Amino acid sequence: MNKTETKKYIRLMADSLGLKDWKIEVNFTDCDPNCIAQVGRVYGRKWGQIRIGEKFDKASEKDKKSAIIHELLHLHQAPMYNFVETLGLNPETMRTFDVITEYIVDGLSVGIADNYNLKGGITNGKAKRS
Ligand SMILES: [Zn+2]
């Protein structure tokens, strides 16, 4: 999958995961070398920034799917993160919160990826690649 195809694929996934009204930037730089992808968000806006890592190209289709779904699901959590960051939690509690949210997002992303067709979107036909 080249960069243009990757961007289209992520847009398709974002649309089918309820993020149609989000601006999703896709960059191929600044990703942690240990990650397939990472995500950032712009505070107070429906604007996500997916960073694709060097490991992406070598990952299996299933791992690519679940990684992108994982990062997109984090965008749905943006209001929660914004709220939690205002609470001034101590670092240990914040780490616990982060671990719990990673378990939730990872479990959901693997489950969704199992029902997601890399070439044509959701396998039930609701989403199709343009
Ligand atoms: Zn995560």
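Helix axes here are lines fitted to C-alpha atoms over the stretch in contact, and angles run from 0 to 180 degrees between N-to-C directions. The structure is a predicted model.

**Helix 3 against helix 5**

In this model, helix 3 (residues 61-76) packs on helix 5 (residues 91-113) at an angle of about 130°, and their axes lie 8 Å apart. Helix 3 is therefore oblique to helix 5. The crossing of the two helices is right-handed. The residues that form the contact are listed by helix below.

| Helix | Residues in the contact |
|---|---|
| Helix 3 | Lys 62, Lys 65, Ser 66, Ile 69, His 70, Leu 73, His 74 |
| Helix 5 | Val 105, Asp 106, Leu 108, Ser 109, Val 110, Ile 112, Ala 113 |

By class, this contact of helix 3 with helix 5 comprises 7 nonpolar, 4 polar and 3 charged residues.

**The largest nonpolar core**

The largest nonpolar core has 20 residues, of which Ile 10, Met 13, Ile 50, Ile 68, Ile 69 and Leu 72 touch the most other members. Two or more residues come from each of helix 1 (3-16), strand 1, strand 2, strand 3 (47-52) and helix 3. Helix 3 gives the most to this core, namely 6 residues. Leaving aside residues up to four places away in sequence, Ile 68 touches Ile 10, Met 13 and Ala 37.

**Asp 30**

Most residues other than glycine have a negative phi. Asp 30, a residue other than glycine, has a positive phi near 65°. Asp 30 lies in the loop between strand 1 (23-27) and strand 2 (37-41). Because 11 other C-beta atoms lie within 10 Å, Asp 30 is exposed.

Note on methods: Residues numbered from 1 in each chain as written. Predicted model: local features only at pLDDT ≥ 70, side-chain atom pairs only at ≥ 80, totals over all residues. Helix = DSSP H or I, 4+ residues; strand = E, 2+ residues; numbered from the N terminus. Parallel < 35°, antiparallel > 145°, perpendicular 65-115°, else oblique. Left-handed = near helix turned anticlockwise from the far one by under 90°. Contact = placed C-beta atoms within 7 Å. Nonpolar A, V, L, I, M, F, W, Y, C, P; charged D, E, K, R; others polar. Buried ≥ 20, exposed ≤ 12 C-beta atoms within 10 Å, placed from the backbone. Core = buried A, V, L, I, M, F, W, Y, C linked by C-beta atoms within 7 Å.
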